Amino acid sequence: MSWLKSMMEKEPPEPENPLGIVVIGNIEPDMHDTAKEAVRRTLKRAGFKTIDVGKSVAPQVFIDKVKENNANLIALSVNTVPAKNNLAKLDELLKAAGLKDKVGIIMGGAAVKKEDADEFGALFGKNKEEAPELAKKAIKK
């Protein structure tokens, strides 16, 4: 029933002085956005401005949204192996855009482990409760 409770949570207000700007989404072709939504609300409640790009999002869209919003963090939900396979493409695009060392990355989801995040230069979270601390750490890089 906890998933139902998280679906019923009301939308937190936009933070007035955000701790950071987070572009959050499910990398394509991942369509499982329940966990992403829970993390997004948790980050927003903790004082982060969140830009939700949605589900099954092409890696280039994350790059474009980071640039458009001057975001300092990307939060990725990775729940399928095909989505995990798109992390390398996102990594290439981050490097090509000169953002790899400027934007922090946090990730979680059924298809990734801490080792995957480490390889990608990201911080790994097991649940929404870990997201705010991870986000604060990732931004300070």
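Let's start at a pair of side chains: E37 and R41 meet in a salt bridge, 3.8 Å from N to O. The term salt bridge here means a side-chain nitrogen of Lys or Arg within 4 Å of a carboxyl oxygen of Asp or Glu. Both residues sit in helix 2 (residues 34–45), four residues apart, which is about one turn of the helix. Helices are DSSP runs of H or I with at least four residues, numbered from the N terminus.

A word on the model before going further. This is a predicted model, in which local features need pLDDT of at least 70 and side-chain atom pairs count only at pLDDT 80 or more, while totals for chains, interfaces and linings use all residues. Residues are numbered from 1 along each chain as its sequence is written, and side-chain values use heavy atoms, leaving out hydrogens and water.

Back to E37, which also forms a salt bridge with K36, with the closest N and O atoms 2.9 Å apart. E37 is buried, at a relative accessible area of 16%; buried means under 20%, exposed over 50% and partly exposed in between, using a 1.4 Å probe and protein chains only. K36 is buried at 3%, and R41 is buried at 6%.

Now look at another pair, K84 and D116, whose side chains meet in a salt bridge at 3.3 Å, N to O. This pair links distant parts of the chain, with K84 in helix 4 (residues 81–85) and D116 in helix 6 (residues 114–120), 32 residues apart. K84 is partly exposed at 28% relative accessibility, whereas D116 is buried at 17%.

Salt bridges that share partners join E11, E14, K36, E37, R40, R41, K44 and D52 into one network. Across the whole structure, the search finds 15 salt bridges.

Definitions and conventions. Helix = DSSP H or I, 4+ residues; strand = E, 2+ residues; numbered from the N terminus.
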